[in-house]
Amino acid sequence: MRLQLEKLRLVNFKRIRFMEVIFSMITNILGKNEAGKTSMMDAFLWLLFDKDSSGKSDFSIKTLDANNQPYHRLEHEVSAWFDLDGQKINLRKVLKEKWVTPRGQKDEIFDGHSKSYFWNEVPMKESEYQAEVGKLINENLFRLITDTTYFNSLKWEDRRNV
């Protein structure tokens, strides 16, 4: 199986309002501090595994203003286009804020977040999406080949098994 990332698009992800990267066989990601290199990796990992580059699942992807406060009512989206043995695949994940108007009140209040998952623009449940991503690549294997510190972060028993 040959899986190649062709394009990655970030919309309202952390401090990145819009970024689109076209990948070739060799693509170098370079930039000054705060240029978005780690945010791009965080976005890719969030799309695939719902985690950031540190392996945390409880991180914020919201776009922040100059005072590090999140902009509200923005949709936060990451999309990736792959070539899987000649078959084109598009994955997309969207995070939205939920706002509700309680009965008897006129003002909306924030009521959490919702995530939407898409495989080739077809909406999917989270469990279905995760199962399909799992068929593409195992998360632990992905971390081993993309993160030079991951192996040493494993328990010694797990390192020995690897």
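Two strands pair if DSSP finds at least two bridges between them. Helices (H or I, at least four residues) and strands (E, at least two) are DSSP runs, numbered from the N terminus.

A note on all the views: this is a predicted model, where local features need pLDDT of at least 70 and side-chain atom pairs count only at pLDDT 80 or more, while totals for chains, interfaces and linings use all residues. Residues are numbered from 1 along each chain as its sequence is written, and side-chain values use heavy atoms, with hydrogens and water left out.

**View 1. Strands S1 and S2 form a hairpin.** Here S1 (residues 3-13) and S2 (residues 16-22) run antiparallel, joined by six bridges. Look for leucine 10, which sits opposite methionine 19 in S2. Two residues lie between the strands, and lysine 14 takes a positive phi near 55° in this hairpin.

**View 2. Here is the largest pocket, with about 360 Å³ of space.** On a 1 Å grid over the protein atoms alone, a pocket is an open set of points where a 1.4 Å probe fits, with protein on both sides within 12 Å along at least five of seven lines; lining residues have an atom within 4 Å of a point. Grid points are joined across faces, edges and corners, and the volume is the space filled by probe spheres set on the points. Of the 17 lining residues, Leu5, Met41, Phe44, Phe142 and Thr146 lie nearest the centre. S1, helix H1 (37-49) and helix H3 (139-146) each give two or more residues to this lining, and H1 gives the most, with five. Sorted by class, the lining has 14 nonpolar, two polar and one charged residues (Ala, Val, Leu, Ile, Met, Phe, Trp, Tyr, Cys and Pro count as nonpolar, Asp, Glu, Lys and Arg as charged, and the others, Gly among them, as polar).

**View 3. The second largest pocket has a volume of about 270 Å³.** Its lining has 13 residues, with Lys14, Glu34, Gly36, Thr38 and Ser39 closest to the centre. H1 gives the most to this lining too, with four residues. The classes here are three nonpolar, four polar and six charged.

**View 4. Histidine 76 belongs to strand S3 (residues 76-84).** Why does histidine 76 count as buried? Its relative accessibility is 1%, and buried means under 20% relative accessible area with a 1.4 Å probe, protein chains only. The side chain of histidine 76 reaches the backbone oxygen of asparagine 12 at 2.5 Å. Leaving aside neighbours within four places in sequence, histidine 76 is in contact (heavy atoms within 4.5 Å) with residues including Val11, Trp46, Ile61 and Leu95.

Notes:
Buried means under 20% relative accessible area, exposed over 50%, partly exposed in between (1.4 Å probe, protein chains only). A polar contact is a pair of N or O atoms within 3.5 Å; within protein, one must be able to donate a hydrogen and the other to accept it, and residues adjacent in sequence count only if both atoms are side-chain atoms.
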